[in-house]
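This report describes selected parts of one protein structure. Please keep the sequence and the 3D view open while reading.

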Amino acid sequence: MSSAFSVSSTRGRGAARLAAATLVWGLAAAGTIAAAGTAVADGTPQSPGGATATLGEMKTYGSAVVHDNGEDSWVSAGLFEMSVEDGGMLQTYCVDLHNPTQRDAKYQETSWSGTSLNGNKDAGRIRWILQNSYPQVNDLAALAEKAGVTGLTEQDAAAGTQVAIWRYSDGADVDAADPQAEKLADYLQKNARNLPEPAASLMLDPAAVSGHAGERLGPVTVHTNAESVTVTPPADTAASGVKVVDKDGKAVTSAGDGGKLFFDVPEDSPDGSAALSVQASTTVPVGRAFASETRSQTQILAGSSESTVSATAVADWAETGAIPALSAQKNCAKGGVDITAANKGDEPFTFELMGIEHTIEAGVSQRITIPLQEDQAYDFTIAGPNGVEKRFKGVLDCKTQGATSDISTQTLSEPSPASVGGSGGGTDLAETGGSNATPVIAGMAIALVVIGGAVVVLLRRKQTPPQD
């Protein structure tokens, strides 16, 4: 069995149809460069923090049938496993039925607002299902009794749970192939109640700060469910003299939830930047979303071992001029990426993005939403003073049905989008079931990449019964 769920159709009900090419745009943008040389800051936050994991195989699963206008499409339904960077294992279900998984895709813990769960009134019911079914409930006899079935295997429990989730995450008309798994799915769907989104395992807020040398830059607040986090100061502390301290100026090596961290920058420091990182070992809360920078389907956490979680914050300082602090986050409610720019300098900060010039006045913090199309790959760089560049990249994946309007695509073969002036290759997923395709599009212009080789499965929305 491959790492992605497989799709087959029974002819007479209709076979999977070949899709037209899908368009993915790559973006690149730069602001005013204040120095001759440029250097991309490796510490630029690409996510709020938390667990980073690599998708493995679907380990425990059964079969399910997706119905649409007389067509039945068979899919594998169950639990994936992910290996956490620096230690730990996760178990996840899919909340993005219409998209494929990419083999060995890297995933990042994220908030619901940056995924297709944003605006889904039933997202909280999915969390209830996760907390009240397998593997959180590993007493299968007790789970079977609640569902009114004579018995459940692990495969039945995983398949039934995934089917119930798809009915809420994708509005899919889907049934478990096994009668016991189907009864479990019906029980979970009927009894699910809305629960709030779980908090992040670890994040730093804000992810970027700025100011003048000789000041304490911050605060950066720690949010975590771990007992404490280890604080690692900038790598070149000995050379730069930059320290991580608390509000009283005392050096910090650990912090707890709500702890406030500051960059203590010596007054005679040349203009520059630095990054701090925090790390902890904890269990990631059930119901946290996991998204990939590729078009690999969004996952939701069903279980976590003790796992390593981390986050990074950056600081920029200068003696005079504009001193911007830049960070980015997906905003599915507005269909784009939010760029937050806080200018702690004494001059305006001006940069250009997608042909539009933006100016952040001194002492002002502003959030700018960059509109994108669904499934659009973005890769843009904002250049600030002193030749430091901040790069942000990813894929806007906010809908379960993708960018092809009336139909949903099950992409089984997809080459990597090429960088400007380059080329990319891909893996034939008809055999592997997954892909190493990574949409990385770099350069100083807009690149249009055409992705072909898609297989389309027609799905219709299922109206779930009203809940109390």
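The sections below cover a pair of helices and then a sheet.

## Basis

The structure is a predicted model.

## Two helices in contact

Helix α3 covers residues 154-169, helix α4 covers residues 179-191, and the two pack together with their axes 8 Å apart. The angle between them is about 40 degrees.

On the α3 side, the contact is made by Asp156, Ala157, Ala159, Gly160, Thr161, Val163, Ala164, Arg167 and Tyr168. These residues meet Gln180, Ala181, Glu182, Leu184, Ala185, Asp186, Leu188 and Gln189 of α4. By type, the contact residues comprise nine nonpolar, four polar and four charged.

Strands of a sheet are joined by backbone hydrogen bonds, in a parallel or an antiparallel arrangement. Here, three strands form an open sheet in the order β21-β22-β25, and the pairing is antiparallel. Strands β21 (324-331) and β25 (365-371) are at the edges. Each of these has a single partner strand, so one of its sides has no neighbour in the sheet. From one strand to the next, the twist averages 20 degrees.

Strand β22 spans residues 336-343 and pairs with β25 in the antiparallel sense over seven bridges. Within this part of the structure, aspartate 338 lies opposite threonine 369 of β25.

Key:
Residues are numbered from 1 along each chain as its sequence is written. This is a predicted model: local features need pLDDT of at least 70, side-chain atom pairs count only at pLDDT 80 or more; totals for chains, interfaces and linings use all residues. Side-chain values use heavy atoms; hydrogens and water are left out. Axes are lines fitted to C-alpha atoms, for helices over the stretch in contact, and angles run from 0 to 180 degrees between N-to-C directions. Helices (H or I, at least four residues) and strands (E, at least two) are DSSP runs, numbered from the N terminus. Contact means heavy atoms within 4.5 Å. Ala, Val, Leu, Ile, Met, Phe, Trp, Tyr, Cys and Pro count as nonpolar, Asp, Glu, Lys and Arg as charged, and the others, Gly among them, as polar. Two strands pair if DSSP finds at least two bridges between them.
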